[in-house]
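Please study the sequence and the structure before each solution.

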Amino acid sequence: MYDIVIIRNGEISIKKKNKVDFENALVKNLKYRLHKNKDLKVQKVNGRVEISLNKQDAIDTINKVKDIFGVVSLSPAIVEENGYEKLFLGIKRIIDLEIPQNKKSSFKLNIKRIDKSFDMKSTQMNIDMGERVLKEYNNLHVDVLNPEFEIYCEFRKDVNIIYTQKIRGEGGMPRGINGRGCVLISGGIDSPVATYLMARRGLFIEAVHFHSYPFTNERSKQKVIDLVTHLTNYCGRIRLHLVNLLDIQKEINEKCPEEYMTILSRRFMMRIAQNIANEYECTSLITGESLGQVASQTSLGLLATDNVVTTMPVFRPLIAMDKEYIIDIAKKIGTYETSIIKEEDCCTVFLPKKPATQPKLEKIMNYEKVLNVDNLVNTAIQKSEIMEIKIR
């Protein structure tokens, strides 16, 4: 039985003066994920984060936390009493726990002498302990270049820590360390991936979804709720704002040229998202746009939509990605199968036959003069529905 799970936080370790803040955020997120199990204790020990298992199952615990942003790798480990002889007992425990006794296997010892007051160097300790292992186990032989099992040992003043596995975690930065971002999320493949990528860089997520009910149905809205619910596994709690864009689209359709329908609608989306972001203390907008992927995502199209955002940056983590790469990430995080369910969204309502791909900003601003922009934006926000979606 394992005693602890070692959490390695990779990028956090190079943050110098900010390291403590990053570690504290990671500890907080780990505690939140494990709060239902009172026997597990998350703490900072020996200059890193560890989970004391208190006889709880290590692999089950690892599966619960390995997708938390900031966790680079994890190791279930044995903690043995301090002292050189106790180190060998710990090595025997890990061998009996992890290496099959009924087959020939190779191993390598990797002992790190953290207690420098001990007079034997790490190289000598590896040789001596290796010889003891060979005498104890007839099925084991040493292979220093390509071992089946590498046994890592930390020889400390207070304890010995022994482990073999390094299980890959999600990586990235702890959730919330870089503030809050507001994502414009649809039911497609791209925006859930963009949400995941920006949350991975330490952002809390606020989400805004635009629909055109009753022109779009309830299934379309539920699809987005399902996507956001799944994303909480990575992002934690997400507040989802459901905004009906239909009245705005009708107004644009009646008063503006058809080919500018998409770009004008996008400008309203950005205005609304920015207002919501400001209200909920977000410092950025996030979209799933990729350059050239659709008609509105040309350089001039993006320039036209960005023109209405004046209080924060717009992050587009997918901007240079191929569709195949985006799909690969969607499959990895588990959103792809939901995203490809065919449902109409607001972008298909009043879709122009030939949308403008090189929109002129001067023309766009002239077209908007016939629209009561502020009233349309404020009304849409006032009528919006807000949902708090928590981790499952």
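Patches are made of residues with over 30% relative accessible area and no salt bridge, where like charges are joined within 9 Å and nonpolar side chains (Val, Leu, Ile, Met, Phe, Trp, Tyr) within 5 Å. A salt bridge is a side-chain nitrogen of Lys or Arg within 4 Å of a carboxyl oxygen of Asp or Glu. Accessible areas come from the Shrake-Rupley method with a 1.4 Å probe, and for residues only the protein chains shown count as cover.

This is a predicted model, in which local features need pLDDT of at least 70, side-chain atom pairs count only at pLDDT 80 or more, and totals for chains, interfaces and linings use all residues. Residues are numbered from 1 along each chain as its sequence is written, and side-chain values use heavy atoms, with hydrogens and water left out.

**Exercise 1.** State which residues form the nonpolar patch on the surface.

Step 1. The patch is formed by L134, V142, V144 and L145, which together have about 400 Å² of accessible area.
Step 2. V142 lies in strand 6 (residues 140-142); strands (E, at least two residues) and helices (H or I, at least four) are DSSP runs numbered from the N terminus.
Step 3. V142 is partly exposed because its relative accessible area is 43%; buried means under 20%, exposed over 50%, and partly exposed in between (1.4 Å probe, protein chains only).

**Exercise 2.** Treat E281 in the manner of the previous exercise: is E281 buried or exposed?

Step 1. The phi of E281 is also positive, near 60 degrees.
Step 2. E281 belongs to the loop between helix 8 (261-279) and strand 13 (284-286).
Step 3. With a relative accessibility of 67%, E281 counts as exposed.

**Exercise 3.** Which residues does the cis peptide bond join?

Step 1. The cis bond joins Y213 and P214, with omega about 10 degrees.
Step 2. P214 is part of the loop between strand 11 (204-211) and helix 6.
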